[in-house]
Amino acid sequence: MVLLFLTLLLFSSSVVSGDTVGHGNVQDPSIDQLGGDFSLQSSQGEFSLRDLRGKVVLLYFGYTQCPDVCPTSLAVLAQAFKELSDTELEKVQGVFVSVDPDRDSFKILDEYVGYFHPNLVGVTGSESELAKVARRYGVKYNKVDLDDSAIGYAVDHSSITYLITPQGELRFIFPHQTASFMILEAIRYVLRDNSPG
Ligand code: NI
């Protein structure tokens, strides 16, 4: 059963699926045209994807005040992480990129990602830095003013989880609502692929 799902996953991995749950339909480019290194900032200073060579990286774009899409996706990712052994976890890193830098301070980001899993780091950057990174990964987002709401605005955004190999290559793209065990299987698949011997 798991093998079947993984096979489906491998077949579907050449296609990027944009989230359509309240986030609009997006015409997506192919996986081959996406990905690559980027630098943003975390509470620990400069964050560079390049520094995570040797680890499987799970990358997600969102914002901490997201009512349901981000929490759901991060909970799914955290669930996959919780199935990993300590040894496996040493080679896995989750990265949450906030596309709402005006509201998501490093303190807020750290608290937010920490709530889901210790192997998650929260990063963000200037509007122009974020736009550049989002473009490279085919992520769409835009502010939507909310009338009669205390939070003022929401940010509609693609809900996609990206798996980047220890060599820094984008390998899998998981659409919104991908089951955690599929993400888990993909992480282990890539870890096995990269284990010595
Ligand atoms: Ni969200």
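# Finding your way around a predicted model

Reader: In strand 8, which residue is the bridge partner of Leu 58?
Author: Helices (H or I, at least four residues) and strands (E, at least two) are DSSP runs, numbered from the N terminus. Two strands pair if DSSP finds at least two bridges between them. Strand 3 (residues 56-62) and strand 8 (residues 161-164) run antiparallel and are joined by four bridges. In strand 8, Leu 58 has as its bridge partner Leu 163.

Reader: What pLDDT do local features need here?
Author: Residues are numbered from 1 along each chain as its sequence is written, and side-chain values use heavy atoms, with hydrogens and water left out. This is a predicted model: totals for chains, interfaces and linings use all residues, side-chain atom pairs count only at pLDDT 80 or more, and local features need pLDDT of at least 70.

Reader: In what order do the five strands of the open sheet run?
Author: Pairing in this sheet is mixed. Seven bridges join strand 3 to strand 4, and these two run parallel, whereas strand 3 and strand 8 run antiparallel. Strand 5 (120-123) and strand 9 (170-174) are the edge strands, each pairing on one side only. The order is therefore, by DSSP bridges, 5-4-3-8-9.

Reader: In strand 4, which residue is the bridge partner of Tyr 60?
Author: Tyr 60 is one of the residues of strand 3 that point the way Leu 58 does. Looking across to strand 4, the bridge partner of Tyr 60 is Phe 96.

Reader: How many of the seven residues of strand 3 are buried?
Author: Buried means under 20% relative accessible area, exposed over 50%, and partly exposed in between, with a 1.4 Å probe and protein chains only. Side chains in a regular strand alternate between the two faces of the sheet. Here Val 56, Leu 58, Tyr 60 and Gly 62 point one way, while Val 57, Leu 59 and Phe 61 point the other way, and all are buried. Strand 3 is largely enclosed by the rest of the structure, because its buried residues number seven of the seven.

Reader: At about what angle to strand 3 does helix 2 run?
Author: Axes are lines fitted to C-alpha atoms, for helices over the stretch in contact, and angles run from 0 to 180 degrees between N-to-C directions. Helix 5 (residues 127-137) lies across strand 3, strand 4 and strand 8, at about 115° to strand 3. Helix 2 (residues 69-83) lies across strand 3, strand 4 (92-98), strand 5 and strand 8, and its angle to strand 3 is about 165°.

Reader: Which residues coordinate the nickel ion?
Author: Donors are N, O and S atoms within 2.8 Å of the metal (3.2 Å for Na, K and Ca); water is not among the atoms, so sites may look incomplete. Along the chain, the nickel donors follow the spacing C-x3-C-x86-H. At 1.8 to 2.1 Å, the ion is coordinated through SG, SG and NE2 by, in turn, Cys 66, Cys 70 and His 157.

Reader: How many residues apart are Cys 70 and His 157?
Author: Cys 70 counts as buried, at 0% relative accessibility, and His 157 is buried too, at 1%. Cys 70 sits in helix 2 and His 157 in strand 7, so the pair links distant parts of the chain, with a separation, by DSSP-numbered elements, of 87 residues.

Reader: How many of the five residues of strand 7 are buried?
Author: Strand 7 (residues 153-157) pairs with strand 6 (residues 141-145) in the antiparallel sense over five bridges. In strand 7, His 157 is the bridge partner of Tyr 141. Strand 7 is largely enclosed by the rest of the structure, because the buried residues number four.

Reader: Is Gln 177 buried or exposed?
Author: Gln 177 belongs to the loop between strand 9 and helix 6 (180-193). Although Gln 177 is not a glycine, it has a positive phi of about 70°. With a relative accessibility of 63%, Gln 177 counts as exposed.

Note on methods. Contact = heavy atoms within 4.5 Å.
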